[in-house]
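Good morning, colleagues. Please take a moment to look at the sequence and the model on the screen, and then we shall go through them together.

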Amino acid sequence: MVRKVYTKTGDKGLTSIHGGKRVPKDDIRIEANGCLDELNAVIGIVRSLLPAQDAWQDLLHDVQKELMTVMSHVATPTDKTNPNPLGAAELTTRIEAEMDRMTESIQDPGYFLLPGGTVVAAQLHFARTVARRAERRLWTLNRQDAVDESILCLLNRLSDLFFVMARMENGRQGWSEEKWKEFAYKRKEKTVAKGIS
């Protein structure tokens, strides 16, 4: 017998979380997981656009896998036990090391940058914004039911990673970054240098 994809159990606007409790589909826990799911899908798009042997494939693959684990924890209220080991802290440390290595080869632009560039860079900027939205939803959930601190740190670091990767991708493809407005501290430095107070 073929198992049907649809169950019809959510037709009335309710869905299940870990432990079996039914909650509204717009519950903050479901909303947070929806953002994480969207982020994972965007990362999948980025990976599909990169060559199979690209150096970023391994890192992005591991990010995708950890996001699945994160989603299982977000779906689990604190009064329930989640069997999936959380590796967010270790991944965050790895991401920081990767960013440190990447930023050695890119300069501080001194400007706010318009998101875009190559197709891959534009998708990385999109991933950055989705990561920020997921982070905001997780902090809202955290006010109701504690979210593991390592998850919150991971999402904060992921948005930074995608920004750095977008800049590096534009650089390695020879694509000029589009500037919007100079950082305030840069304008102040120029003013001081001219002797204007």
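This is a predicted model: local features need pLDDT of at least 70, side-chain atom pairs count only at pLDDT 80 or more; totals for chains, interfaces and linings use all residues.

Which residues of H1 are buried? They are Ile-28, Arg-29, Ala-32, Asn-33, Cys-35, Leu-36, Leu-39, Asn-40, Val-42, Ile-43 and Val-46.

H1 covers residues 28-49, which is 22 residues. From its first C-alpha to its last, H1 reaches 32 Å, close to the 32 Å expected at 1.5 Å a residue. Its buried residues pack against three helices: H2 (57-74), H4 (119-144) and H5.

That brings me to H5, which comprises residues 149-172.

I turn now to the protein as a whole. Its secondary structure consists of six helices and four strands. Read from the N terminus, the order of elements is β-β-α-α-α-β-α-α-β-α. The protein has 197 residues, and 39% of them count as buried. If we take contacts between residues at least 6 apart in sequence, 73% join residues at least 24 apart. The accessible surface comes to about 11900 Å², with 53% of that belonging to carbon and sulfur atoms.

Next, the spaces in the model. The largest pocket has a volume of about 180 Å³. Fourteen residues line this pocket, and the closest to its centre are His-73, Thr-76, Ala-146, Val-147 and Asp-148.

How many cavities of 30 Å³ or more does the structure hold? There is one. The largest cavity contains about 70 Å³ of space. Among the residues that line this cavity are Leu-113, Leu-114, His-125, Arg-167, Asn-170 and Trp-175. Glu-177 and Glu-178 also belong to the lining of the largest cavity. Here the division is three nonpolar, five polar and three charged residues.

Thank you for your attention.

Terms used. Residues are numbered from 1 along each chain as its sequence is written. Side-chain values use heavy atoms; hydrogens and water are left out. Helices (H or I, at least four residues) and strands (E, at least two) are DSSP runs, numbered from the N terminus. The expected span of a helix is 1.5 Å times one less than its number of residues. On a 1 Å grid over the protein atoms alone, a cavity is a set of points where a 1.4 Å probe fits but cannot get out, and a pocket is an open set with protein on both sides within 12 Å along at least five of seven lines; lining residues have an atom within 4 Å of a point. Grid points are joined across faces, edges and corners, and a volume is the space filled by probe spheres set on the points. Buried means under 20% relative accessible area, exposed over 50%, partly exposed in between (1.4 Å probe, protein chains only). Contact means heavy atoms within 4.5 Å. Accessible areas come from the Shrake-Rupley method with a 1.4 Å probe; for residues, only the protein chains shown count as cover. Ala, Val, Leu, Ile, Met, Phe, Trp, Tyr, Cys and Pro count as nonpolar, Asp, Glu, Lys and Arg as charged, and the others, Gly among them, as polar.
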